[in-house]
Amino acid sequence: MSTFITRLDSGGPGLRVAVKDLIDMAGLPTTVGCRAVERRARPAEADATCLAGLRRAEAAGAVTFVGRTNLNELAFGIDGINPWFGTPVNPLDPSLIPGGSSSGSAAAVGSGDADLALGTDTGGSNRIPAACCGVAGLKTTWGRIPVEGVQPLAPSLDTVGVLARDAAGLARGLAYLEGGPDPVAAVDAPGVAPGVAPGVAPGVVGRFRLPADPAIDAALDGALRAAGLRVVDVDLPGWEAASWATLVLIGVEAWEQHGALLQHDPAGFGAVTADRLFAGANRTPDERARAEVVRAAWRAELGDALARVPVIALPTITGEIPTIEEAHLINERRATYGANLAGVPAVALPIPRPGRLPASLQLIGPAGSEERLLAVASRIESAVA
């Protein structure tokens with residue numbers, strides 16, 4: 001089964017949790033979905049720091065780890081296709097890509113093999129597979145969840161997050177990632193549905209409109225109306241420049257992390273991943289410097305917008321989910337880079353459409369506003385259920 005690189009005993013009690021195979025788990029090798037890394041991997045001496053809360057929950061019988069999930073090689077891609085470990089089957093339609101890089105994590109949740117799955121998000125790697133597999137995905141604020149023991153792709157952008165069936169699952173996963181002594185109790189509060197973060201859902205959202213399939217836009221607008229939210233259009237003129245800068249920085253930093261191994265063992269890398277790494281190596285110092293200037297300007301622009309509206313809504317992907325044969329089309333349909341470059345949290349939420357695969361609504365908020373985003377997501381879920 002290509003959903004998992006390593007299956008673990010799934011017969012234990014509690015919530016079933018899957019972990020993306022670039023997050024260290026004590027006693028198990030971390031492959032990062034790459035043959036060159038796998039050949040050199042040794043069992044990790046310790047867990048990644050972000051697993052501490054889950055390990056306490058495991059000891060209490062509240063969760064069971066069910067496996068290490070597949071991913072785009074090095075987490076460097078968004079289609080979910082892996083040349084070494086196979087492509088996870090999209091639970092909505094096997095002919096479609098599962099999205100990446102957290103492909104196995106999204107597929108595990110969507111197929112019912114896991115209740116929660118940990119993933120990472122550097123340029124959309126939790127939200128895109130969530131959109132493709134019809135589940136919910138959370139990108140956390142940069143720096144909120146520790147990344148010690150998480151194999152890096154682009155350290156200035158890398159974040160750890162969670163995938164689940166709904167907002168309640170995301171809230172529970174976030175609480176576990178925070179590592180509190182009682183993560184379940186931390187998200188159960190009077191007047192709040194069990195497992196939903198006790199944030200306050202604002203009554204207004206900003207709506208950022210990208211060129212998108214009209215059916216996607218209609219589904220998202222209908223969900224916001226059904227939830228009784230007042231919608232205010234928001235203009236973000238720096239969006240395209242921010243997307244370019246994110247692409248530059250991911251490429252440059254990925255080469256810094258993995259270029260030496262590629263040069264030493266080129267046969268251990270897939271051709272697509274190698275091409276992406278070499279593209280990063282060929283970026284000039286001037287391009288990197290300009291990308292940093294764009295990052296600063298974009299953070300200011302998005303911050304100003306989020307000072308006027310508490311949440312911004314937009315598609316996660318702007319068109320239909322591509323087939324495996326046309327996987328490259330996902331690159332032009334992604335709408336995720338902006339949150340990564342700004343370092344702010346974002347949620348991808350499936351929105352039902354009669355007779356069609358779900359659309360995916362993306363919610364972006366200021367740094368540290370995960371609880372607010374999850375409260376809005378829960379309100380929308382209740383409205384469209």
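Visitor: So "buried" is under 20% relative accessible area, "exposed" is over 50%, and "partly exposed" is in between, with a 1.4 Å probe and protein chains only. Trp239: buried or exposed?

Guide: Trp239 is buried, and Trp298 is too. This is a predicted model: local features need pLDDT of at least 70, side-chain atom pairs count only at pLDDT 80 or more, and totals for chains, interfaces and linings use all residues. Residues are numbered from 1 along each chain as its sequence is written, and side-chain values use heavy atoms, with hydrogens and water left out.

Visitor: What is the mean pLDDT of the chain?

Guide: 94, and 94% of the residues reach 70 or more. pLDDT is the predictor's confidence in each residue, from 0 to 100.

Visitor: Where is the pLDDT below 50?

Guide: Over residues 181–197. That stretch has 29 contacts in the model beyond near neighbours in sequence (contact: heavy atoms within 4.5 Å). Where pLDDT is low, the predicted coordinates should not be read in detail.

Visitor: Back to the rings. How many aromatic pairs are there?

Guide: Three. The rule takes rings of Phe, Tyr and Trp (its six-membered ring) with centres within 6.5 Å; planes under 30 degrees apart are stacked, over 60 edge-to-face, and the rest tilted. Trp239 and Trp298 are edge-to-face, because their planes stand at 75°, with ring centres 5.9 Å apart.

Visitor: Which helices does that pair link?

Guide: Trp239 is in H8 (residues 239–264) and Trp298 in H10 (residues 285–308), 59 residues apart. Helices are DSSP runs (H or I, at least four residues), as strands are (E, at least two), numbered from the N terminus. Ring pairs also tie Phe208 into a cluster with Trp239 and Trp298.

Visitor: And Trp255 with Phe278, what kind of pair?

Guide: Tilted: 5.6 Å centre to centre, 40° between the planes. Trp255 sits in H8 and Phe278 in H9 (residues 271–281), 23 residues apart. Phe278 is partly exposed, at 40% relative accessible area.

Visitor: New topic. At what angle do H7 and H13 cross?

Guide: Roughly 95°. H7 covers residues 214–226, H13 residues 370–384, and their axes come within 8 Å. Axes are lines fitted to C-alpha atoms, for helices over the stretch in contact, with angles from 0 to 180 degrees between N-to-C directions.

Visitor: Which residues make the contact?

Guide: Ala223, Leu224 and Ala226 of H7, with Ile380, Ala383 and Val384 of H13.

Visitor: Last one. Ser103: buried or exposed?

Guide: Buried, with a relative accessible area of 0%. Ser103 is in helix H3 (residues 103–110). Beyond neighbours within four places in sequence, its contacts include Asn70, Gly80 and Pro129.
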